[in-house]
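Biologist: Hi, could we go through this one together? I have some quick questions.
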Amino acid sequence: MSDLTSLTLKGALDGLRSKAFSSVELTQAHVDAVEAARALNAFVLETPDKALEMARAADRRIASGEAGRLEGVPLGIKDLFCTEGVRSTACSNILTPFVPTYESTVTANLFRDGAVMLGKLNMDEFAMGSSNETSAFGPVVNPWRINGGNQALTPGGSSGGSASAVAADLCLGATATDTGGSIRQPAAFTGTVGIKPTYGRCSRWGIVAFASSLDQAGPIAKTVEDAAILLTSMAGHDPKDSTSLPVETPDFVPFVGKSVKGLRIGVPKEYRVDGMPAEIEALWQQGIEWLRDAGCEIVEVSLPHTKYALPAYYIVAPAEASSNLARYDGMRYGLRAEGANLTEVYENTRAQGFGEEVKRRILIGTYVLSAGYYDAYYLKAQKVRRRIADDFDEAWKTCDALLTPTAPSAAFALGERNADPIAMYLNDVFTVTTNLAGLPSISVPAGLDAQGLPLGLQVIGRALDEGTVFSVAGALEKAAGFRAKAERWW
Amino acid sequence: MSDKLIQGRTGPWEIVLGLEIHAQVASNAKLFSGAAVGFGAGPNEQVSTVDAAMPGMLPVLNARCVELAVRTGLGLKAQINLKSRFDRKNYFYPDLPQGYQISQFEFPIVGEGEVIVERDDGSTFTVGIERLHLEQDAGKSIHDLDPNATYVDLNRSGTALMEIVSKPDMRSSEEAAAYVKKLRTILVYLGTCDGDMEKGNLRADVNVSVRRPGEGLGTRCEIKNVNSYRYIQQAIEYEARRQIEILEDGGSIHQETRLFDPGKLETRSMRSKEEAHDYRYFPDPDLLPLELDPAWVKAIEESLPELPDAKKARFQSQYGLSSYDAGVLIAEQPRADFFETAAKGRDAKLVANWTTNELLARLSKDGHEIEASPIPPTDIAALVELIETGVISSKIAKQVFEHMWAGEGAPAAIVEKHGLVQVTDTGAIEAIVDKLIAANPGQAEAVKAKPQAVGWFVGQVMRETGGKANPAAVNEILRAKLGV
């Protein structure tokens with residue numbers, strides 16, 4: 001059945017519609033693939049029975065002509081999404097066990113359109129990490145290895161399970177979330193496509209919160225078109241999320257393949273950072289050439305506050321997280337450790353429940369919000385955030401989209417960077433800016449480095465202009481002709 | 001001001017009081033969750049996944065609560081801030097599921113306003129309103145169900161509160177109680193809070209400091225969650241004395257939060273300033289800044305009811321009531337409505353007298369308000385009409401009232417049933433007078449010498465007639481017969 005798992009989501013939808021195979025067959029093939037790929041540790045919960053039940057229901061709807069736009073396609077769901085009746089832990093001990101009584105809006109939208117859930121995907125604990133090593137369930141392994149090597153590589157994070165599962169053909173697409181790059185960097189590390197839409201496109205309701213003003217859901221998919229199909233279903237105004245944008249969701253699919261002729265593509269000079277591998281620099285230049293060849297006008301732009309983005313991000317995100325994670329106190333659900341008094345119960349519960357990185361960020365966040373430090377850190381960071389958004393607004397006067405590398409390196413070995421938090425945080429240097437500014441941005445696989453590892457390019461668009469982002473991404477994908485797959489070793 | 005000073009061992013002291021009132025918004029649903037609000041539901045029966053702070057749940061602002069807060073602000077003649085913001089106040093406690101309270105810290109929805117308060121002697125003073133903001137209530141921790149455990153009821157968690165902060169404009173415990181009463185009356189008139197202090201729907205935090213007259217403000221202590229007028233007064237009296245004693249002994253006051261113990265009539269320290277939480281306020285990223293449409297605010301303003309001050313002034317000018325009677329009647333809106341229904345076409349002062357001196361006095365003896373009256377306003381009107389038309393005397397009216405109180409129905413029927421119609425038949429009265437003069441020649445002579453003594457004969461006539469004789473007619477006939 002490997003031919004069914006090697007399909008794109010679009011290909012699978014076509015096959016289901018033409019009745020070349022059933023959703024049950026398609027789903028079974030993926031259930032088998034998931035089972036066979038446990039070495040990747042991509043899934044933290046497999047739900048094959050639920051998947052097949054959903055597939056049977058999908059087949060009935062296909063038969064009766066009531067098929068939704070995602071009818072019958074098996075997806076993986078990042079464990080940050082609350083799924084009704086299905087354990088949802090954010091890959092933290094503190095939420096083990098937790099079974100929600102509600103379905104997140106994004107997954108509800110996918111299931112409304114007929115999608116099938118294969119299970120819950122591994123991730124960094126509470127989405128805090130860039131290598132999927134902070135998960136309480138252990139790291140995810142990247143299906144990609146360096147040429148001739150067998151060292152386990154990170155798939156990136158925090159949506160490492162989503163990226164690995166899609167790259168290894170365990171599912172036709174996956175939900176993911178992105179607070180500082182958690183969709184795009186794993187996509188870049190695994191040769192997949194990941195888009196973080198405009199802040200407010202996808203409802204945050206039912207997604208375990210990390211940093212509310214930055215968190216945004218999006219898909220990781222095999223192709224730009226698949227990402228457009230998934231995002232069209234995931235997005236939509238939700239009155240249950242006050243920050244959800246009250247706008248119509250266009251069908252993003254027709255934007256993929258649309259001509260980019262005449263579009264002005266900005267190249268921000270501040271994204272040429274010290275120590276960036278020459279291969280990434282070269283790939284970026286290649287991307288510029290591809291778009292020029294496709295008829296785009298290339299303009300150099302300046303985003304002068306870029307260098308402050310990472311520090312500002314690592315103040316704002318922990319600040320919000322320190323407050324968002326206060327609810328995990330052992331009182332109502334999840335882990336509860338014993339203690340001699342209330343303070344001890346809190347301390348023991350949170351000491352046992354949270355991992356090191358989560359604790360680090362709670363401490364940073366608590367510190368920057370403290371009396372006497374608030375103005376110097378949080379308020380200052382918010383001002384920087386405004387400047388970063390202003391930089392983009394200025395850029396949009398001369399261009400329609402921006403092209404940058406997605407990450408400053410290719411996938412690295414598990415364990416290689418987790419001793420140095422700062423080195424780890426630098427992974428997000430090109431991605432955090434659009435979280436701070438709320439802009440849509442996509443990572444598209446554009447080539448392999450000398451060691452045979454995938455590299456991604458990032459396209460950034462104006463707020464709510466995912467259409468242009470998809471068009472430019474589609475043009476890059478076409479020009480790059482990226483077909484490489486990880487060689488199966490698992 | 002001098003009468004409000006407290007004499008210490010070393011001289012006079014002035015109390016300075018500021019109040020923070022927490023008033024539960026009269027909304028059927030909570031501030032951010034849409035869950036029902038209500039008293040009397042079983043523990044944890046009115047809790048949504050938002051109120052319990054389940055993972056991924058988000059707050060959505062209840063527009064009705066915003067409307068009621070704006071309405072309150074307008075009723076307090078306060079600045080309505082068209083832009084305000086919700087902030088998180090972070091602290092851990094089991095009855096605070098989110099680990100933070102959503103409140104308004106830097107930018108409240110309502111700014112400065114004022115309340116005019118009347119003292120018992122009829123003089124007035126003004127209390128400045130510093131601000132009013134919206135915030136979530138916490139749940140309730142129950143410590144006395146089990147010696148080794150605390151239970152938490154989240155029904156109240158997330159309920160909308162208006163915190164109304166006064167300026168330090170009160171100088172005595174009486175003034176503080178009078179301010180809370182007045183504020184409560186305004187809220188109830190506006191329909192924005194039911195004002196039920198017993199259920200904790202209106203609670204006060206009292207800031208107390210003392211100073212030598214003419215000096216700057218002293219260090220204050222905050223007494224938390226005082227929920228009756230009496231407790232407010234007792235807490236202030238105790239706390240002011242405590243502070244004065246410390247200062248007179250050469251000590252200094254440490255800013256702290258204190259609790260009032262109604263059993264021991266004392267306040268005790270809850271936490272010092274050093275132990276105070278660092279609440280780490282910051283804008284709630286789950287909520288957008290709150291922006292109000294001026295036209296919407298205007299529409300709310302136009303829908304405001306007649307407020308207590310205006311109603312009192314109208315009762316005085318339209319009905320000729322005394323300031324005191326008008327004050328009693330407007331203190332509770334149902335009283336005012338009762339009065340106005342009864343006064344229609346009648347002698348309003350008489351109606352006011354019967355309503356306050358008889359009916360309200362009787363009701364309050366049992367701790368009831370006018371809503372519990374067994375007598376409808378139309379019957380008070382009918383009673384006054386019987387007096388006005390001379391069918392019964394005021395004295396007889398008291399008897400009639402007793403029957404009305406006992407539930408015997410309309411006054412006219414009572415008068416008929418008990419034969420209480422006033423005797424105005426001069427022939428009948430004359431016959432009785434003649435008989436009495438004949439039987440009491442000595443008394444008659446005494447009256448001739450001292451006309452004021454005619455009262456003895458009036459009394460006798462009344463006794464003979466069972467009080468039904470028209471007193472004016474009796475007087476007239478007596479004076480004619482006795483030639484005085």
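This is a predicted model: local features need pLDDT of at least 70, side-chain atom pairs count only at pLDDT 80 or more; totals for chains, interfaces and linings use all residues.

Biologist: Where is Gly355(A) placed?

Modeller: Gly355(A) sits in the loop between helix 11 (342-353) and helix 12 (356-369) of chain A. Helices are DSSP runs of H or I with at least four residues, numbered from the N terminus.

Biologist: Is Gly355(A) buried or exposed?

Modeller: Gly355(A) counts as buried because it has 20 C-beta neighbours inside 10 Å. The cut-offs are 20 or more other C-beta atoms within 10 Å for buried and 12 or fewer for exposed, with C-beta atoms placed from the backbone.

Biologist: And which residues are the buried ones in helix 11 of chain A?

Modeller: Tyr346(A), Thr349(A), Arg350(A) and Gly353(A). They cover an arc of only 90° around the axis, so they lie on the same side of helix 11 of chain A; the arc is that of the directions from the helix axis to the C-beta atoms.

Biologist: Which exposed residues are on the face turned away from that buried side?

Modeller: Thr343(A) and Ala351(A).

Biologist: New topic: how many helices and strands does chain B have?

Modeller: Chain B has 15 helices and 16 strands, a strand being a DSSP run of E with at least two residues.

Methods: Residues are numbered from 1 along each chain as its sequence is written. Chains are lettered from A and ligands numbered from 1 in the order in which they are written.
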